[in-house]
Amino acid sequence: MELTPELIDKIRSFNLPQLLSYVIVTKLVGPALDFAQNRIKELSDEGKYGFTPSETEAKSFYKLRKSDIYRRFSECLGDHWSRNLILLGLHITHLNKNDKREIIDRVRSDVYGRHGKKGIRITELGSTGAIVPILGFLSDLKLKGANSDDLKSEFDNIIADWQNITVFVEADDSKKHILNEISALTKRNKPQFFVFAYGSAIDNTVLTIAELNNKKFFRKNRYVLFSSSRTEGNKPVYMCVFEKFGSQLPTLG
Amino acid sequence: MVDLELTGIGVEETKLLLISLGYDIDENKKIIEKDTRRPVLCPITKREILLQDVSIMPGSTLLINTSAFTMSEYFSKYFKEK
């Protein structure tokens with residue numbers, strides 16, 4: 001096909017996906033193909049398109065990076081090395097049941113290969129919503145004057161100590177068991193700890209915490225608590241974060 | 001701010017795009033640099049990229065192996081809003 005002014009105009013009128021299809025369908029050769037390829041390069045350099053065999057997944061990540069949780073994470077922790085893991089966790093939350101198993105298995109394998117157990121833990125913070133109270137805690141520290149490095153360091157401490165500062169209440173845990181778990185955590189004198197309950201475990205958890213609060217147990221042990229509820233898939237999730245009065249970052253003295 | 005358009009394209013269109021951008025495909029379907037004939041490595045996985053696995057993303061035109069992990073890394077660390 002000859003490179004006529006009409007053909008040049010036509011090629012210039014296409015966006016990138018249209019031009020790629022046009023070149024393949026019309027089987028352009030010679031100078032016309034050279035011109036089209038140069039135009040493809042120009043359009044690609046504009047950075048308006050991403051081409052992927054996994055279109056739905058790519059769109060999900062693109063959208064999630066504008067989500068409230070990811071935005072807050074970026075505001076508190078900037079370029080922290082784990083920010084992609086939070087995105088991964090948020091992505092997992094939005095998968096349907098059928099897609100979930102296969103993708104989670106692959107994600108766990110990729111994350112473990114790169115970051116080990118710590119990486120898995122951070123991905124779970126995103127997928128379970130546990131990151132929300134942590135972000136609340138970090139935002140408070142920011143308001144108290146913590147800088148970006150302080151917040152990153154505090155986040156790393158929370159992750160490193162995660163298993164020692166969390167209670168995940170099981171559906172058949174008694175109120176006495178929940179009380180003992182919470183009581184044990186207050187005695188460890190941690191700057192903060194977290195209690196999570198899902199579905200049928202929520203009622204006993206809320207009642208136990210309310211009873212302890214009415215008895216001023218937390219005040220006596222110098223803890224203040226913030227609770228929140230959300231739905232993950234179809235499952236309600238309850239979270240309560242306990243923060244020690246006057247707990248400050250070591251670097252802030 | 002311009003919204004990024006993410007889309008799937010056919011194998012022939014992908015080859016055409018890669019060739020227009022200075023790459024080639026070898027006999028094993030690996031993407032290589034046209035000039036040096038060296039395999040292109042995904043900046044995230046550090047592995048060679050097969051034609052069927054490639055995502056061609058903006059940002060000095062980045063070729064990555066496609067997975068949830070690489071997508072999360074791309075959108076959190078490489079992608080810059082235009």
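**Chain B against chain A**

Visitor: Which residue of chain A does Glu73(B) form a salt bridge with?
Guide: In this predicted model, the closest N and O atoms of the pair are 3.7 Å apart. The cut-off for a salt bridge is 4 Å, so the pair qualifies. The partner of Glu73(B) is Arg114(A).

Visitor: How many salt bridges are there between chain B and chain A?
Guide: Glu73(B) with Arg114(A) is one of them. For salt bridges, the count is two.

Visitor: Which element gives the largest share of the side of chain B that touches chain A?
Guide: The elements of chain B that give two or more residues to this side are strand E1 (5–7), helix H1 (11–20), strand E4 (54–57) and helix H2 (68–78). The largest share is eight residues, and it comes from H2(B).

Visitor: How much area do chain B and chain A bury between them?
Guide: The contact takes 43 residues from chain A and 38 residues from chain B. On the side of chain B, Leu6(B), Leu16(B) and Phe69(B) lose the most area to chain A, together 18% of what that side buries. Carbon and sulfur atoms carry 61% of the total, which is about 3600 Å².

Methods: Residues are numbered from 1 along each chain as its sequence is written. Chains are lettered from A and ligands numbered from 1 in the order in which they are written. This is a predicted model: local features need pLDDT of at least 70, side-chain atom pairs count only at pLDDT 80 or more; totals for chains, interfaces and linings use all residues. Side-chain values use heavy atoms; hydrogens and water are left out. Contact means heavy atoms within 4.5 Å. Buried area is the accessible area (1.4 Å probe) that two parts lose on being put together, summed over both. A salt bridge is a side-chain nitrogen of Lys or Arg within 4 Å of a carboxyl oxygen of Asp or Glu. Helices (H or I, at least four residues) and strands (E, at least two) are DSSP runs, numbered from the N terminus.
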